[in-house]
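Hi,

Here is the structure I promised to pass on. Please have a look, and my notes follow below.

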Amino acid sequence: MRAGPTALLVHLIFMQDFSHCLSEARKKSGFSQADCAHLLGVSQSYISRLELAHSVPSVADISGVAVLFGRTMEIMLEPLLKEQAMSIRARLYDLPEPKIGWLGRFTRTNALNKLENRLDRIARHYDS
């Protein structure tokens with residue numbers, strides 16, 4: 001699946017947000033890039049590339065930075081979470097009907113209702 005212009009923009013925003021978050025948190029803590037690198041088990045040059053948004057952080061990098069500076073993963077991934085939720089929400093209403101029995105339809109309908117409620121909560125959260 002190819003990324004559209006919106007997905008690329010969200011990716012760039014995430015990269016900028018993450019790099020800014022890392023740089024600001026590191027400076028506020030008084031840590032050097034070498035300190036962060038040692039604590040996270042990576043090289044100092046990798047920390048520099050993350051702060052400049054020249055490298056894409058892995059899930060391990062994001063979770064490590066979250067632990068290191070007391071951030072939540074949700075806050076650090078907010079632009080990506082919002083974009084994914086809105087994409088799923090847009091596709092929810094034209095989901096094809098499967099050829100399954102009544103129990104499968106019942107279970108699926110309940111799961112879709114829960115998903116719709118979750119997406120509504122996410123939308124309200126980001127719209128406020």
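Phe69 is buried, at a relative accessible area of 14%, where buried means under 20%, exposed over 50% and partly exposed in between, using a 1.4 Å probe and protein chains only. Phe31, at 28% relative accessibility, therefore counts as partly exposed.

Bear in mind that this is a predicted model, in which local features need pLDDT of at least 70, side-chain atom pairs count only at pLDDT 80 or more, and totals for chains, interfaces and linings use all residues. Residues are numbered from 1 along each chain as its sequence is written, and side-chain values use heavy atoms, with hydrogens and water left out.

There are 2 aromatic pairs, counting rings of Phe, Tyr and Trp (its six-membered ring) with centres within 6.5 Å; planes under 30 degrees apart are stacked, over 60 edge-to-face and the rest tilted. The Phe31 and Phe69 rings have centres 6.0 Å apart and planes at 45°, so this pair is tilted. Phe31 sits in the loop between H1 and H2 and Phe69 in helix H4, so the pair ties together parts that are 38 residues apart in sequence. Helices here are DSSP runs (H or I, at least four residues), numbered from the N terminus.

Happy to chat any time!

Definitions and conventions:
Helix = DSSP H or I, 4+ residues; strand = E, 2+ residues; numbered from the N terminus.
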